[in-house]
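I opened this entry to keep track of what I looked up, going from the strands to the cores and then to one helix.

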Amino acid sequence: MSIKEPNMLRAEIESVFLLYNNGRIQEAINLIKVLNESYPNVPLLFNLLGACYKSLGNLDAALQMFETATNIKPDYAEAFFNQGVILKELSKLNEAIDCFQKAIAILPNYPDAHNNLGNALEDLGQREAAIESYEWAISYKVDYAQAYLNLGILFSKFDPIKAVDYYKKAIVIDPNHDAAYFNLASTYRHLGLKNEAIVAYEKVIEIKPDYADAHKNLSALKKYNKNDSQILKMESLLSKRDLNESDKIILNFALAKVNEDLGNEDDFFKFLNKGNKLRKKELNYTFNKDKEVILKIKEVFKTPLYQVKKPSIKKTVLKPIFIVGMPRSGTSLVEQIISSHNEVYGAGELDFLAKIVAPGLKESINNKNFFTEKAILSIREKYLKSLSSLNTSESFITDKMPSNFRYIGFILSAFPEAKIIHLNRDAMATCWSIYKHYFKSNGNGYAHNFKDLAAYYSLYKELMVFWNDLYPNKIFDISYEDLTINQEDETRKLLKYCELDWDENCLDFHTNTRAVKTTSALQVRQKMYQGSSEAWKKYEVHLQPLLNGLTSF
C-alpha cells in the first residue's frame, strides 16, 4: 500500500480483497462503506469501491469513486488508469485518453496504461499513435501477449502479413491464447489461406471448446461428412441450458451449414430458420426503422442538393470508386476484379461515409435545411481525410460498402467526379444468399425474416430507381449474371467507366492476394463460375414465402 494506514485498516482491507476476489461484491461494498466512516480520506478504499461497482456494471458509480480517489491522491496512477477504462467503456474516448496519459505521466513504466491508451487511440482512428503506445507497452513488458494481439488486430486492417507475425508472437508468449489463434485464423481466411485457417480455428476449439465463433467460422471453411467430430461438439454445446443467446444463434447457423453439406434438407432449414429467428429477436429489428431512413433520404432529395463545383474542389489525387448494391449481389467479386488493376487499391467495406452522413440525417429531421453547401463540402473533406488515412500509393481506391446505395445522392453531391458501380443480381439468388449467411454486424436486421427481406429488397429497388431518375447516366449498372457469362466484355466496360486502362490482371482476379474481409473471401479466390444464381431452386419448396414476396422482381 502506498499510504500509511493503521494496522487495523490494513487487516480490514485484506478482508475486502478476499470478499472481492471470491465474488462477494455486495459484502465488499458494505465493508468498505463501514471503513469509510472511520477512515474517510483513504484513496485505496475509494479505488476498491470503484472496482466493486464496475464488477456490478454500475459504471457511473465506479467512475465517481475512481475520481474521488484521484482527488484525494493526485498521483494515484492506478485510479487514473481505472478511470480511463470506465470512460472508454462509456465511449468517452478523449477523456479516457487523458486519464491514461495522466497515469503514464505519474508512472511511465505502466504497460497496461500504454496498452489501453493504444486501444482508445485506435478507436479514434489515430493509427500511428496507437502503434506507438502498443510498442511502449511491449518495451516495458516484453512478454505482453495482449499488446502483440492488439497490434495484430490493428495491422490486420491494412497489413495482414504483418498482423500474422504479431499474432504468432502473442502465441509464442502464450501458447493457449485462444484470441490470438482466432484472429490468426481469421486473417488467414481473409488472405485466402484456407488450410492454414482451418488448422488455426481447430486449435482455438482445442483450447476453448465452447468458442462458438470459432465453430461458426470453421463451418464456413469445411465440407462436412457425418463422422466429423466437430458436429457432436457443436450439438452438445447448443444443448447447454446456460448458453447465451449470441452463441445459440451462431451455433444454429453453423449446424445449418453442417446439414446443408450432409444433404439433410429438413434439418438444414430447421437450424437456419431458428438461427434467423433468434437473430432478429436479438437485434430487436423492425422493418419500419429501415423504411423511415429511406423515406427520410428521399425527403432530403426532393430537389437535388448543392453539388460541389470545380472551384470548391481542393486538389486531390484520390479517386474513390464506390461499389454498391445488396449484400451477396457480387460486390466483392467486382472489387476483386477492379483491385487487381495495377492502379487500384481495394479498401474493402469502409464505414467512413455512413459515419459522416448518418448524423447529418438525424440532424436534418429537425432542420430541413441542414444539408447546405457547407455541409456537403464537409462530407467531401471528411471522407477524403479518412481515405488518406489508408496511406496507399494508388490514387484509385475502391469503397465496397454495399449499403452505400442509400447515400448515392450524397456521394454525387460531394463527389461529382465519383464513380459508382451498382451490382444487379437475380432477386431470389440475392435474398436467398443473404438469408443463409450470418452477418456479424448489426446493420442487416432485415436479413432474418422472409417478409422483412422481401420488403427491404423492394425499398432498395425503389431507391435505385429514384437515384437513376435524379442522376441519369451517373451510375454504372452491371449484372452479376452477365459478368459471369461474358467476363472479358463486362470487365472491359467496367474499366472503361472507371477511366482505367485495360489490365490483363483483372481477368486473373482470383490470383489477387489482397485481404478480403467478407463472407466471399474464399469465393473470390476462384476463377469465374456460373450457375450460383440458380442454387436457390433446389430449396424452392422451403422458400415459397420469400418467392411470393419477390414476385414483382
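I take helices (H or I, at least four residues) and strands (E, at least two) as DSSP runs, numbered from the N terminus. The model is a predicted one, in which local features need pLDDT of at least 70 and side-chain atom pairs count only at pLDDT 80 or more, while totals for chains, interfaces and linings use all residues. Residues are numbered from 1 along each chain as its sequence is written, and side-chain values use heavy atoms, with hydrogens and water left out.

**Entry 1, the sheet.** I looked up Thr398 and found its place in strand S3. Thr398 counts as buried because its relative accessibility is 0%, where buried means under 20% relative accessible area, exposed over 50% and partly exposed in between (1.4 Å probe, protein chains only). Leaving out residues up to four places away in sequence, I list among its contacts (heavy atoms within 4.5 Å) Ile321, Ile338, Val344 and Tyr345.

I then followed the open sheet, whose five strands run in the order S2-S3-S1-S4-S5 with parallel pairing; two strands pair if DSSP finds at least two bridges between them. S2 (344-346) and S5 (475-479) are the edge strands, each pairing on one side only. S2 pairs with S3 (residues 396-399) over three bridges, and I noted that Tyr345 has Ile397 in S3 as its bridge partner.

Helix H23 (residues 450-470) lies across S4 (419-424) and S5, running at about 145 degrees to S4; axes are lines fitted to C-alpha atoms, for helices over the stretch in contact, and angles run from 0 to 180 degrees between N-to-C directions.

I use nonpolar core for a set of buried Ala, Val, Leu, Ile, Met, Phe, Trp, Tyr and Cys residues joined through side-chain atoms within 4.5 Å. The largest has 108 residues, and Ile338, Phe410 and Ile421 are those with the most contacts inside it. H23 supplies the largest share of this core, ten residues. A second, separate core of 80 residues includes Cys52, Ala103, Phe155 and Val204.

How many of the 13 residues of H11 are buried? I found eleven, so the helix is mostly covered. Among the buried residues are Tyr181, Phe182 and Arg189, and the buried residues of H11 pack against helices H9 (145-155), H10 (160-173), H12 (194-207) and H13 (212-219). Just after H11, Gly192 takes a positive phi of about 80 degrees.
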